[in-house]
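Student: I have a structure open and would like to go through it with you. Can we start with how the helices pack?

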Amino acid sequence: MSAEWEACKQEVITRFKTQPQQFGRGDLYQAHEEWGIPGQRPTQFRLYRYQAERWMPEAASVLDIGCNIGLIGMALSDTIERYVGFDNNPLLIEIAATLAAQREVDNCEFLAMAFDEFIRHNQGQTFDVVCSFAVHVWIGLPIAEYGRVLHGLLNENGLLALESNRLETNDQDFYTHVQTILDCGFALEYQTTLKDDGVIERGFCVLRKVAATPPAP
């Protein structure tokens with residue numbers, strides 16, 4: 001690794017430490033094994049456990065809701081066409097942009113926005129893949145309404161990658177929520193569980209958009 005990259009990593013970690021975050025148990029929430037970025041959740045191992053190579057389309061456009069420091073997008077950047085990640089924490093978006101610039105990743109866009117703000121400003125843009133990784137319990141919408149919004153963000157036959165929070169505590173109804181989202185016009189493509197940080201067990205599903213979303217009740 002170059003001295004510039006090592007300095008960049010140290011700068012990012014120092015900046016992060018000045019503003020303690022809700023997620024990550026005091027460390028960066030996302031890690032990148034190949035790049036030597038330490039953190040709670042190893043991004044490349046996560047993608048392996050998701051079996052992303054099995055379902056992620058080549059040259060896909062990807063939206064990541066609650067992207068944190070954007071390492072999912074950067075890890076996928078060599079095989080996808082375009083990635084848009086947004087998070088309501090401006091510090092995390094600044095870190096994402098810093099890392100992407102240093103690594104010369106030019107097909108990833110990072111936005112400091114809350115979910116409702118992104119939806120208001122989206123102007124009908126749709127994606128091949130939408131990632132909702134451990135964020136649905138924080139969005140503030142009823143699950144059925146969230147499912148309808150996600151449906152509308154996807155291209156025809158698009159894929160929704162949906163990950164739970166901690167199954168045993170704050171996301172015990174995850175699989176019930178999955179069924180609610182399926183009822184919004186999706187079919188289940190793939191399902192598994194993972195404990196990528198060695199601590200928290202999570203559920204993971206890939207759903208395909210197959211039908212028009214039902215109207216709100």
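Tutor: Keep in mind that this is a predicted model. The axes of α1 and α5 come within 10 Å and cross at roughly 180 degrees. That crossing makes α1 roughly antiparallel to α5, because angles over 145 degrees count as roughly antiparallel.

Student: Which residues in α1 and α5 meet?

Tutor: From α1, the residues are Glu4, Trp5, Cys8, Val12, Arg15 and Phe16. They meet Leu91, Leu92, Glu94, Ile95, Thr98, Leu99 and Gln102 in α5.

Student: And which residues of α1 are buried?

Tutor: Trp5, Cys8, Lys9, Val12, Arg15 and Phe16 are the buried residues of α1. They sit on the same side of α1, because they cover an arc of only 130 degrees around the axis.

Student: What should the 15 residues of α1 span, end to end?

Tutor: Helix α1 covers residues 3-17, and at 1.5 Å a residue it should span 21 Å. The end C-alpha atoms of α1 are 21 Å apart, which agrees.

Student: Back to α5. Is Glu94 buried or partly exposed?

Tutor: Glu94, which is in helix α5, is partly exposed, with a relative accessible area of 42%.

Student: What does Phe110 touch?

Tutor: Not counting residues up to four places away in sequence, Phe110 touches Cys67, Gly70, Met74, Tyr83, Gly85, Ile93, Ala96, Ala97 and Ala100.

Student: Which residues touch the most other members in the largest nonpolar core?

Tutor: That core has 41 residues, and Trp55, Met74, Leu99, Phe110 and Phe204 touch the most other members. Helix α5 gives the most to this core, with seven residues. A second, separate core has 27 residues, including Leu63, Val135, Leu160 and Ile181.

Student: Changing topic: what about α2, which residues are buried there?

Tutor: Thr43, Arg46, Leu47 and Tyr50 are the buried residues of α2. Seen down the axis of α2, they fall within an arc of 95 degrees, so they line one face of the helix.

Student: What does Arg46 touch?

Tutor: Leaving out residues up to four places away in sequence, Arg46 touches Gln30, Arg41, Ile72, Phe133, Glu163 and Asp196.

Student: What happens just after α2?

Tutor: Gln51 takes a positive phi of about 55 degrees there, although Gln51 is not a glycine. Most residues other than glycine have a negative phi. Gln51 lies in the loop between α2 and α3. At 27% relative accessibility, Gln51 counts as partly exposed.

Student: What is phi for Asn68?

Tutor: Phi of Asn68 is near 60 degrees, a positive value in a residue other than glycine. Asn68 is in the loop between β3 (61-65) and α4 (71-76), and at 9% relative accessibility Asn68 counts as buried.

Student: Over to the strands. Where is Leu162?

Tutor: Leu162 is in strand β7, residues 154-163, and is buried, with a relative accessible area of 1%. Apart from neighbours within four places in sequence, Leu162 is in contact with Ser132, His136, Phe174, Val178, Ile181, Gly203, Phe204 and Cys205.

Student: Ser132 is in that list. How are the C-alpha atoms of Leu162 and Ser132 separated?

Tutor: Those C-alpha atoms are separated by 5.0 Å, while Leu162 and Ser132 are 30 residues apart along the chain.

Student: Last one: is Asn122 buried or exposed?

Tutor: Asn122 is buried, with a relative accessible area of 10%. Asn122 is in the loop between α6 (115-121) and β6 (127-133). Not counting residues up to four places away in sequence, Asn122 touches Phe127 and Leu153. The C-alpha atoms of Asn122 and Leu153, 31 residues apart along the chain, are separated by 9.2 Å.

Notes
Residues numbered from 1 in each chain as written. Predicted model: local features only at pLDDT ≥ 70, side-chain atom pairs only at ≥ 80, totals over all residues. Heavy atoms only, no water. Helix = DSSP H or I, 4+ residues; strand = E, 2+ residues; numbered from the N terminus. Expected span 1.5 Å × (residues − 1). Buried < 20%, exposed > 50% of the residue type's maximum accessible area, 1.4 Å probe, protein only. Arc of directions from axis to C-beta. Core = buried A, V, L, I, M, F, W, Y, C linked by side-chain atoms within 4.5 Å. Contact = heavy atoms within 4.5 Å. Axes fitted to C-alpha atoms, helices over the stretch in contact; angles between N-to-C directions. Parallel < 35°, antiparallel > 145°, perpendicular 65-115°, else oblique.
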